[in-house]
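Hello,

Here is the structure we spoke about. Please look it over before reading my notes below.

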Amino acid sequence: QKSNFQNTSLQWGYDFNHESLATRELVDSVNAFWMKEYKVDGFRFDFTKGFSNTPYSSSSWGSEYDAPRIANLKRMTNEIRKRNADAFVIFEHLAENSEETELANAGIMLWGNMHGSYNEAARGNTANSNLSWAVYSNRGWSQPNLVSYPESHDEERIMYTIKQSGLSSGTYNIKNQTTALKRIELNALFHIPLPGPKMIWQFGERGYDQSINRCENGTISNDCRLSPKPSYWQYLNNPDRIALFKVMAKLNELKQKYDEFSFGNFSADLTGAVKWYRFTAGSNHVLAVGNFDIVDKSASLSFPATGKWYEFFKGDSIEIGSVNQTIQLAPGEYRLYSTRKFDNPNVVTQNKPELKQSEIKVYPNPAQDEINISAIENFSEVMVFSVTGRLVYRVKTGSVNHLKINTATYVPGVYLLKIIQNNQNSTLKFVKE
């Protein structure tokens, strides 16, 4: 009947006896039910620091290492993965790094709150804009299971903040909406492509600038923190907001499509006013650089190879004769270089698929030992992904309009089919029983 936390900020009514076999059976039953009956692809658990009976004082936030808590959380996760080996398991833990390291190395994803640093980076306050903690390896983790994020349901919107208190120098003023949106683009370049999974809080891709404390009548009050917030779809009629949407969408596409971002060796300096990072996978290289200051900066960069480099956002290229280069950057300017030319993803802001899915048929669905794919138009490539995004199957078919895929060894659950026709993508779902 009483929480193990004496800190009233961490009390939410009655608690569980986490060592009870009945509690464990209840937790496992609920998780199994949602995976089986509703085909959920995993869980994000709130306040997992509370998953033990260890007593904590009124001044404690429960962050210190707690062995029974670790045991409880690992046990629960193992039971989830007995039922679905690919299930997402994400914790909002926010405890000491020693404890989070153990959970991350056990294959559990953990929220990484980077709001303070990304907020100050966007504001132009470079002294407090160190983004290094957004990289799992800088925390000593062996697995890229850090879900870092600039904002969530617990923090103020960065776009709202920088329109109120963004810094300025001369004619460069971050409080200006167009400039503020470009600062969010800069943040995105140093958020989404970093190693590991990432989170974009809802409407962040549109530069949402309504306060977390906005009331339904438009006033601001701490009492309205949980009040409904308008979606403001009209934002997508604004060219500056569409530009931000497309930058985020394209970065997501690049990260999924090119091995440099998923399997490349990573190095970075994310501490100063000018930040950069590099990925190297075989002979392919990526280098990103951005100026988070409010004045022009000279960036001293070490390119990992000479030769032709392509700049993704401008669509041009440069010849690198020496690996050591000095590049001038305007305030807020960013660049993304690569040694192979990336395709420019076809990003739309309308709910209008490039191909009619009715023209592609997948059967039987649900499937057991095989599925068939038939289409009116020929397709050149087919990929199968698990719901966690893991590539399960890939084949370049040349040009055919029918394909049979053996699914006998697939784990039961939902899968995504990505089918390429005439350089256009279509995505469909099928269920393996």
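**Helix pair α4 and α5**

α4 and α5 cross with a right-handed sense. The residues in contact are His115, Tyr118, Asn119, Ala122 and Arg123 on the α4 side. On the α5 side they are Ile158, Thr161, Ile162 and Ser165. Sorted by class, this contact has 4 nonpolar, 4 polar and 1 charged residues. Bear in mind that the model is predicted.

On geometry, α4 spans residues 115-123 and α5 spans residues 158-165. Their axes come within 9 Å and cross at roughly 40°. An angle under 35 degrees would count as roughly parallel, and 65 to 115 as roughly perpendicular. The two helices are therefore oblique to each other.

Is α4 mostly covered or mostly open? It is mostly covered, with 8 of its 9 residues buried. The buried set is His115, Ser117, Tyr118, Asn119, Glu120, Ala121, Ala122 and Arg123. What do these residues pack against? Their partners are β3 (109-113), β4 (146-149), α5 and α6. Directly after α4 comes glycine 124, with a positive phi of about 95°.

**The parallel sheet**

β3 and β4 also belong to an open sheet of 4 strands. The order is β1-β2-β3-β4, and the pairing is parallel. Its edge strands are β1 (42-45) and β4, each pairing on one side only. From one strand to the next, the twist averages 20°.

β1 is joined to β2 (residues 88-91) by 4 bridges. Within this pair, glycine 42 stands opposite phenylalanine 88 of β2. Helix α2 (residues 67-83) packs on this sheet and touches β1 and β2. The direction of α2 makes about 160° with that of β2.

**The antiparallel sheet**

A further open sheet has 6 strands, in the order β7-β8-β9-β14-β11-β12. Here the pairing is antiparallel. β7 (265-269) and β12 (316-320) are the edge strands, and each pairs on one side only. The twist averages 20° from strand to strand.

β8 (residues 274-281) and β9 (residues 284-291) run antiparallel and are joined by 8 bridges. Tyrosine 277 has alanine 288, in β9, as its bridge partner. Helix α6 (residues 177-189) packs on this sheet, in touch with β8, β9 and β14 (334-338). The direction of α6 makes about 35° with that of β14.

Best wishes

Conventions
Residues are numbered from 1 along each chain as its sequence is written. This is a predicted model: local features need pLDDT of at least 70, side-chain atom pairs count only at pLDDT 80 or more; totals for chains, interfaces and linings use all residues. Side-chain values use heavy atoms; hydrogens and water are left out. Two strands pair if DSSP finds at least two bridges between them. Axes are lines fitted to C-alpha atoms, for helices over the stretch in contact, and angles run from 0 to 180 degrees between N-to-C directions. Contact means heavy atoms within 4.5 Å. Angles under 35 degrees count as roughly parallel, over 145 as roughly antiparallel, 65 to 115 as roughly perpendicular and the rest as oblique. A crossing is left-handed if the near helix is turned anticlockwise from the far one by less than a right angle, and right-handed if clockwise. Ala, Val, Leu, Ile, Met, Phe, Trp, Tyr, Cys and Pro count as nonpolar, Asp, Glu, Lys and Arg as charged, and the others, Gly among them, as polar. Buried means under 20% relative accessible area, exposed over 50%, partly exposed in between (1.4 Å probe, protein chains only).
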